[in-house]
Amino acid sequence: MRSFDDEVTVTIDGMDSKSRGIARMDGYVVFVPGALVGETILAKFVERRKHYGVATIKSILKSSDYRVPPKCEYYEACGGCDLQHASYDYQLSAKEHLIGEAITRIGKWPNVIIEPIVPSPQVWGYRNKAIIHTRYQKNQKKLGYFARGTHEVIDIKRCPVLDPLLNDLYNLMRDVIEHSDVTFYDERSSNGLLRHVVMRSSLSSRKTLMAWILSRKPKRSEMDELKRISTQLINRQSSNLQGIIVNINISKGNFVWGPETFLLAGDEINLRERLGAFELSYNVSDFFQVNVPQAYNICKTVSKHIADNSRVLELYAGVGTITCFLASICENVVAVEEWQPACKSLSLNIAKNGLSNVLVACGKAEDVVFNKIDGDFDAIVLDPPRTGCHKDVLTFIGKIRPTKIVYVSCNPVTLARDGKVLMDMGYKPVNLLPLDMFPQTSHVECVTLMTRTSQTTDGNHKLDEKDISASKL
């Protein structure tokens, strides 16, 4: 371990995937959360390892021209956003840099066209989903977001990246729940009823849904209290709040949702959203992109890449957002989704949009591809979670060798890793489009087109002639 004083002066010359500033001291790497490239910082070490350390900002000796005052009063403590202290131009540039770093350093991709990042039409008030944590901590009820890197709840009153409808609902819910007899969950003892509150909104209909996430089945008196406050919320938000759902999650892990869900108040369990020509319904527990205009841009980009293919396999299909676009331009689509409620929404959305050329397969992608799918596909569309594709999914792709792969990713690191595996199977990255789905954070979405190569006699790969034509879309 290198020997340095507790407080050091450093100049920031880079940024990591967590948006922390990077400084180097004689080869020793120092990560400084909240620091921007070009700044000179008086920093204090909070962690030291053999090859790197982590330090906090004591004072900014030379500030970046791109530094701006955070809009949120809870920003320093809350773990929701990590780039509010940077101008939007800086955020976009930083995300393009993070993508480039991932695909060259981790993926070692060859020359691939990286398009300019698509900015978000809204940089504040864009988010259509909030997960509010309810905890009993330090002998009091707390509800809000987790503090950065912990499960300590930060008591918040509003969140500037949320849809204003959700901020209004949150403040009303907060007032009602704090004056009720509903107990909050204690992670240490596993006592207390209410674990989370999930709120969702629709951009097109301007309606909302809400869910109480419970740690166990409620007693009769607890259910009566939940019904009372839920009816109160519906009555006070009658123009917007369509329904309040109960979900029971007895597991001790971090996954929010449990297997049992039912409607408690109101008359609707689904929200409706419009993307282009399609109307989509989804349950409060389903995956649906939090930034609707950017979700539409993703669908249009995927459609452009897939336009000349007749039989398409879509893995991690969710409620069918991309599926509808694919079905409208392809002969047939097989859509695979694991989450059972999302499978129901997917089938509903296919039917309500008059699409008869989609086969829905419900199950884990890595199980479905080997056990329930037959035949060849011209193209595969992937939209996995942040962890990326299961290794068996990648193995399956190498086995059936579709002409084209379109990979939608919310994590450049796992995109780079999976892309490297696909390249080793004979695929070439052709085009990568970044989209800023999550302003004020370091997260970024990407749509990547990969095409199959053929093997030459000298062992090198070359594009098939029809692949070259397809890559020029």
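The side chains of Arg174 and Asp155 meet in a salt bridge, 3.2 Å from N to O; the term stands for a side-chain nitrogen of Lys or Arg within 4 Å of a carboxyl oxygen of Asp or Glu. This pair links distant parts of the chain, with Arg174 in helix 2 (residues 164-178) and Asp155 in strand 10, 19 residues apart. Helices (H or I, at least four residues) and strands (E, at least two) are DSSP runs numbered from the N terminus. Arg174 is buried at 12% relative accessibility, while Asp155 is partly exposed at 31%. Buried means under 20% relative accessible area, exposed over 50%, and partly exposed in between, with a 1.4 Å probe and protein chains only.

The model is predicted: local features need pLDDT of at least 70 and side-chain atom pairs 80 or more, whereas totals for chains, interfaces and linings use all residues. Residues are numbered from 1 along each chain as its sequence is written, and side-chain values use heavy atoms, without hydrogens and water.

The structure holds 24 salt bridges. In one of them, Glu152 pairs with Lys142, with the closest N and O atoms 3.3 Å apart. Glu152 lies in the loop between strand 9 (140-146) and strand 10 (153-155) and Lys142 in strand 9, so the pair ties together parts 10 residues apart in sequence. Glu152 is partly exposed at 28%, and Lys142 is buried at 12%. Lys138 joins Lys142 and Glu152 in a network of salt bridges.

The search of the whole structure also finds 1 cavity of 30 Å³ or more. On a 1 Å grid over the protein atoms alone, a cavity is a set of points where a 1.4 Å probe fits but cannot get out; a pocket is an open set with protein on both sides within 12 Å along at least five of seven lines, and lining residues have an atom within 4 Å of a point. The largest cavity has a volume of about 140 Å³. Its lining has 17 residues, and those closest to its centre are Phe287, Gln289, Thr321, Ile322 and Asp383. Helix 4 (292-306) and helix 5 (321-327) each supply at least two lining residues, and helix 4 gives the most, with 3.

The second largest pocket contains about 310 Å³ of space. Thr261, Ile269, Asn283, Pro341 and Lys344 are the closest to its centre among 17 lining residues. Strand 14 (260-266) and helix 6 (340-352) each supply at least two residues of this lining, with helix 6 giving the most, 5 residues. A volume is the space filled by probe spheres set on the grid points, which are joined across faces, edges and corners.
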